[in-house]
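Subject: Structure for your review

Dear colleague,

Please find the structure below, handed over for your use. My findings follow directly after it.

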Amino acid sequence: MIKKSLPITILIILAVVPWITPALGDIRLPAMFSNHMVIQREMLIPVWGWADPDEKVSVTLCGRTVSTIANSNGKWTLQTGPFTAGGPFELTITGKNTIVIQDVLVGEVWFCSGQSNMQATLGGTKNSQKEIAAADYPKMRTFVVAHNVSPEPLDECRGSWRVCSPKTGRSFTAVGYFFGRELMRELDVPVGLINSSWGSTPAESWTSRKGLVADERLAPILQRFDQAVAELPEKIGEYNKARDEWFDGVFPRDKMSKGFNAGWHKPDFDAEIWKEMKLPSLIENAGLEMNGTLWFRKEVDIPKEWENKDLLMHLGTILDFDVTYLNGIRVGETGYIQGMGFYSPAASRTTLRRYRIPGSLIKQGKSVISVHIMNYISFGGFGRGQGGIMRLVPADDEQAEPVSLEGIWKYAVESNMTPQEIGEIWNKRPRPPVDGY
């Protein structure tokens, strides 16, 4: 493990995969700046992100505020600190909008990198069950960098911070976990472990092109790489087409769906005979066991003062995929995770549904929300359901009194599949041209 100060950029030369250009407007931060993060003690801390060109951005931590101006491309960066170990704190970033990052700790941050020896998790170690049960260290966190490939250093990465507990400890890098535990015992400070490891990757994948060119014996590697890069756009196009066709077969949407063609998404559909379920809830908790597709419907009253205003619909997490409608019009969808780089039920399960509804669709009085869900495997339905998370609020005032979406919803099963059928479908999925895409 090599200790680094942030920011950290990883260069992996495997293939070219387009990165999504961040949209300008509201301040946006890299994934590393998120709840439960750990920052390095007793060092200047860089904070960076995106905003409108020439927008003033202020960062406040531990009572100290530092400001800067975004450049002509909307990028901004500044430094704050140094700070002594402690927390939890709030990190507030303010511009035209405000982002508050909660449960921030200051302590030791270590970069854990390598191949399978570093990627191997606590769940695969000797006496793993005993170790996992004892992994109750709320001041130790890990940020797992999602696999991605690029010929150049990237400005950001995908990933999230996880607090060490018996529920999460299984997924910690085992080497990092044991190292972090000893570090906490010796120093009595919080510990953050940034895990950017990838099993079976060759050494040249972690080496810059400049470094490879310097050794003529490595010329064949560069030749193969250049050929692969030249062929990749065509292969990605073929894969995207096959992937979308496969996904449409897994989760028939809109006119490919039996429920859609029967009008289950329309506000005037008569769902009187549908069963009821109190949400948020997993369908198994409501006594329903299935793998397939089902629909949920709920009638809500829109206040007069919200008419013609953009609204935000918060539905929490949905397991696994969904298409959401308001009065028969699609207003949101989470399925194949665009920009995540791969087909991922796990990513869908942890993605909070937060759909923006244009004001042109918002009228006073009765509206009907319809949610078409694909429960691909195992638990399904509405996942994280902390009080008040399912709601409608004005997009320009999320602190306003919301219209709650919790409570009784109507539902109907559209299709059901056996675990064997689910497995056969999964085995037929297209394989991407490069690992991590």
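**The largest cavity**

The largest cavity holds about 40 Å³ of space. Please bear in mind throughout that this is a predicted model. The count of cavities of 30 Å³ or more comes to one. Its lining is formed by Phe33, Met37, Ile39, Ile45, Val47, Leu61, Thr80, Leu91 and Val104. Sorted by class, eight of the lining residues are nonpolar and one is polar, while none is charged.

**The protein as a whole**

The protein has 437 residues, of which 46% count as buried. Its secondary structure consists of eight helices and 22 strands. Among contacts with a separation of 6 or more, 77% are between residues 24 or more positions apart. The accessible surface is about 21,600 Å², and carbon and sulfur atoms account for 52% of that area.

**Strand pairing**

Strands of a sheet pair through backbone hydrogen bonds, in either a parallel or an antiparallel arrangement. The antiparallel pair formed by β20 (residues 391–394) and β21 is held over two bridges, and Leu392 has Val403 of β21 as its bridge partner.

Strand β22 (residues 407–416) pairs with β11 and also with β12. With β11 (residues 275–279), the strand runs antiparallel and is joined by five bridges; here Leu279 is partnered by Gly407 of β22. With β12 (residues 292–302), the pairing is again antiparallel, over six bridges, and Gly292 has Asn416 of β22 as its bridge partner.

Thr418 itself is located in the loop between β22 and α8 (419–427) and is partly exposed, with a relative accessible area of 39%.

**Cis peptide bonds**

Two cis peptide bonds may be of interest to you. One joins Gly81 and Pro82, with omega at about 0 degrees; Pro82 belongs to the loop between β5 (75–80) and β6 (86–94). Another runs from Leu279 to Pro280, with omega near 5 degrees. Pro280 is in the loop between β11 and β12, and Leu279 is the residue already named as the bridge partner of Gly407.

**Positive phi angles**

Asp54 is not a glycine, yet has a positive phi of about 65 degrees. Asp54 sits in the loop between β2 and β3 (56–61) and counts as exposed, at 59% relative accessibility. Asp103, likewise not a glycine, has a positive phi of about 60 degrees. Asp103, however, is part of strand β7 (residues 98–114) and is partly exposed, with a relative accessible area of 21%.

**Individual residues and their contacts**

The contacts given here leave out residues up to four places away in sequence.

- His265 is placed in the loop between α6 (258–261) and β11. Its relative accessible area is 4%, so His265 is buried. The residues touching His265 are Phe260, Trp295, Arg297, Tyr325, Asn327, Gly328 and Ser370.
- Arg41 is in the loop between β1 and β2 (45–50). Its relative accessibility is 18%; the limit for a buried residue is under 20%, so Arg41 counts as buried. Arg41 is in contact with Phe83, Thr84, Ala85, Val106, Gly107, Glu108, Leu187 and Val189.
- Ser34 belongs to the segment before β1 (38–40) and touches Ile101 and Trp161. Ser34 and Ser160 are separated by 126 residues in sequence, while the C-alpha to C-alpha distance is 7.3 Å.
- Thr65 is part of strand β4 (residues 64–69) and is in contact with Ser58, Val59 and Thr60. Between Thr65 and Ile93, which are 28 residues apart along the chain, the C-alpha separation is 9.4 Å.

Yours sincerely,

A colleague

Conventions. Residues numbered from 1 in each chain as written. Predicted model: local features only at pLDDT ≥ 70, side-chain atom pairs only at ≥ 80, totals over all residues. Heavy atoms only, no water. Pairing = 2+ DSSP bridges. Helix = DSSP H or I, 4+ residues; strand = E, 2+ residues; numbered from the N terminus. 1 Å grid on protein atoms, 1.4 Å probe; cavity = no way out; pocket = protein on both sides within 12 Å on 5 of 7 lines; lining within 4 Å. Points joined across faces, edges and corners; volume = space filled by probe spheres on them. Nonpolar A, V, L, I, M, F, W, Y, C, P; charged D, E, K, R; others polar. Buried < 20%, exposed > 50% of the residue type's maximum accessible area, 1.4 Å probe, protein only. Contact = heavy atoms within 4.5 Å. Areas by Shrake-Rupley, 256 points an atom, 1.4 Å probe, with all protein chains shown as cover.
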